[in-house]
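Please read each one with the structure in view.

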Amino acid sequence: MKILITGGAGFIGSHTADALLGLGHEIRILDTLNPPVHADRRFPEHLQDRGIELVDGDVRDREAWEKTLTGVDAVYHLGAYQDYLTDFSTFFTTNTASTALMYEVLMARGQKLSRVVVASSQAVYGEGAYRRPACPDSGELRPGPRSPERLDRGLWELSCPSCGTDLEPLWTTEDTVRPHNSYALSKYGEESVALMLGERYGIPTVALRYSIVQGARQSFRNAYSDILRIFSQRVLNHRPPLCYEDGRQLRDYVSVHDVIRANVLVLDDDRAVGRAFNVGGARRLTTCEYADLVTRAAGADLEPRIAGSYRVGDTRHVLSGTEALGALGWRPVVDMSSVIAEYLTWATAQPGFADFSAEADSRMYALGTLRRVG
Ligand SMILES: NC(=O)c1ccc[n+]([C@@H]2O[C@H](COP(=O)([O-])OP(=O)(O)OC[C@H]3O[C@@H](n4cnc5c(N)ncnc54)[C@H](O)[C@@H]3O)[C@@H](O)[C@H]2O)c1
């Protein structure tokens, strides 16, 4: 097959290209090579001279779609705006409107594809699903975002609206959707538009909601995201990893290799068509536990510290249940320690690997997205 990967110069896109090339597919990449992810505005070395067609262009641009959709059988739409900054409209133009534009171009030409896979995110769950272990009222809750007043006082856990006791996170299934920031809304818009237009116009479409993806080739320069980069850079510079809030936030980090197996699976499996699936790590780790894994992998003797700050809009806990994709034969198999070790080997060999965490933090403090407690 000839396959277009938008955002293919990025982290997940380039691993997807590797896997699809390995399966004998022909690959074209459309990527705008945006800073800060691509500080030098060039396609990365690992994509050069491998027979991949590399197109520098923007998914918001109709002509870029017209050019790159020509002759392709399938599309992975991974190009996205995903930093945690305040240019709100960019999330929607890059993530949601670009997706509608792709179907618009396909429809205008009467072009059929055998598959479109769009990258959605665990972010669509917001705080996800909870139960109330200590309350006489039973039943699951899907809480909204935590209030700034509680966060300013360092009250991190979500509490039961009936009795005020702490809620307990559950593995969130695909039917719970409660996005509460621009990125999350734009990703939910993206997958909704894709699934709706895909069904209506007979273009088999799948949405994958990745949990926090870990592995080599993650950008060093996003102000937000990439816990692995931030912790590694600190630990390798002999500084303790800093955990926001109290470091007990739960996540289900997933290896990029598991994500790529999911990407490949849904290319051919027709049972996936018309659906959105969680792609998570199936193991709960707190932020501080994750920091410990990074510290150990780096061979450092450092204890994580609590930063005394929090990021506005962060979810307290979020865990994606993977039963639905599991029913198609997928499950995450890669151990997080091995992903961290692989990342450290790769990152320390990169010329651009330096500690940007202070720079990123000051940018987020200035924007008010990172705040001190109290
Ligand atoms: N990495 C994660 O943990 C994670 C989690 C959930 C969802 N996702 C989604 O997976 C996809 C890939 O993420 P990633 O981690 O590889 O990110 P990344 O930043 O490494 O790659 C994204 C790529 O998209 C390109 N891009 C940005 N704007 C573009 C535009 N207007 N036109 C064309 N290309 C553009 C960037 O230059 C970059 O190469 C994204 O859609 C993201 O929202 C990622």
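**Notes on the helices and the ligand shell**

1. After helix α5 comes glycine 202, which has a positive phi, near 70°. The model under discussion is a predicted one. Helix α5 itself covers residues 182-200, a run of 19 residues. From the first C-alpha of α5 to the last the distance is 26 Å, close to the 27 Å expected at 1.5 Å a residue.

2. The ligand is surrounded by 29 residues. The closest of these are Gly7, Gly10, Phe11, Gly79 and Ala80. By class, the shell around the ligand consists of 14 nonpolar, 12 polar and 3 charged residues.

3. Which elements supply at least two residues each to the shell around the ligand? They are α1 (11-22), β2 (26-31) and β5 (115-121). The most is given by α1, which contributes 3 residues.

4. Helix α1 also packs against helix α7 (residues 256-268): their axes come within 10 Å and cross at roughly 60°. The two helices, α1 and α7, are therefore oblique. The crossing of α1 past α7 is right-handed. On the α1 side the contact is made by Phe11, Ile12, His15, Thr16 and Ala19, and on the α7 side by Val256, Val259, Ile260, Asn263 and Val264. Sorted by class, the residues of this contact between α1 and α7 comprise 7 nonpolar, 3 polar and no charged.

5. Helix α6 (residues 227-236) packs with helix α8 (residues 287-297) at an angle of about 50°, and their axes are 10 Å apart. The pair α6 and α8 is therefore oblique. The crossing of α6 and α8 is right-handed. From α6, the residues Ile227, Leu228, Phe231, Ser232 and Val235 meet Tyr290, Ala291, Val294 and Thr295 of α8. The class count for the contact of α6 with α8 is 7 nonpolar, 2 polar and no charged residues.

6. Helix α6 has a further partner in helix α10 (residues 336-348), with axes that come within 11 Å and cross at roughly 65°. Angles of 65 to 115 degrees count as roughly perpendicular, so α6 is roughly perpendicular to α10. The crossing of α6 past α10 is right-handed. Leu228, Ser232 and Leu236 of α6 make the contact with Ile340, Tyr343, Leu344, Ala347 and Thr348 of α10. The residues of the contact of α6 with α10 fall into 6 nonpolar, 2 polar and no charged.

Note on methods: Residues are numbered from 1 along each chain as its sequence is written. This is a predicted model: local features need pLDDT of at least 70, side-chain atom pairs count only at pLDDT 80 or more; totals for chains, interfaces and linings use all residues. Axes are lines fitted to C-alpha atoms, for helices over the stretch in contact, and angles run from 0 to 180 degrees between N-to-C directions. Helices (H or I, at least four residues) and strands (E, at least two) are DSSP runs, numbered from the N terminus. Angles under 35 degrees count as roughly parallel, over 145 as roughly antiparallel, 65 to 115 as roughly perpendicular and the rest as oblique. A crossing is left-handed if the near helix is turned anticlockwise from the far one by less than a right angle, and right-handed if clockwise. Two residues are in contact if their C-beta atoms, placed from the backbone, lie within 7 Å. Ala, Val, Leu, Ile, Met, Phe, Trp, Tyr, Cys and Pro count as nonpolar, Asp, Glu, Lys and Arg as charged, and the others, Gly among them, as polar. A residue is near a molecule or strand if its C-beta atom, placed from the backbone, lies within 6 Å of it. The expected span of a helix is 1.5 Å times one less than its number of residues.
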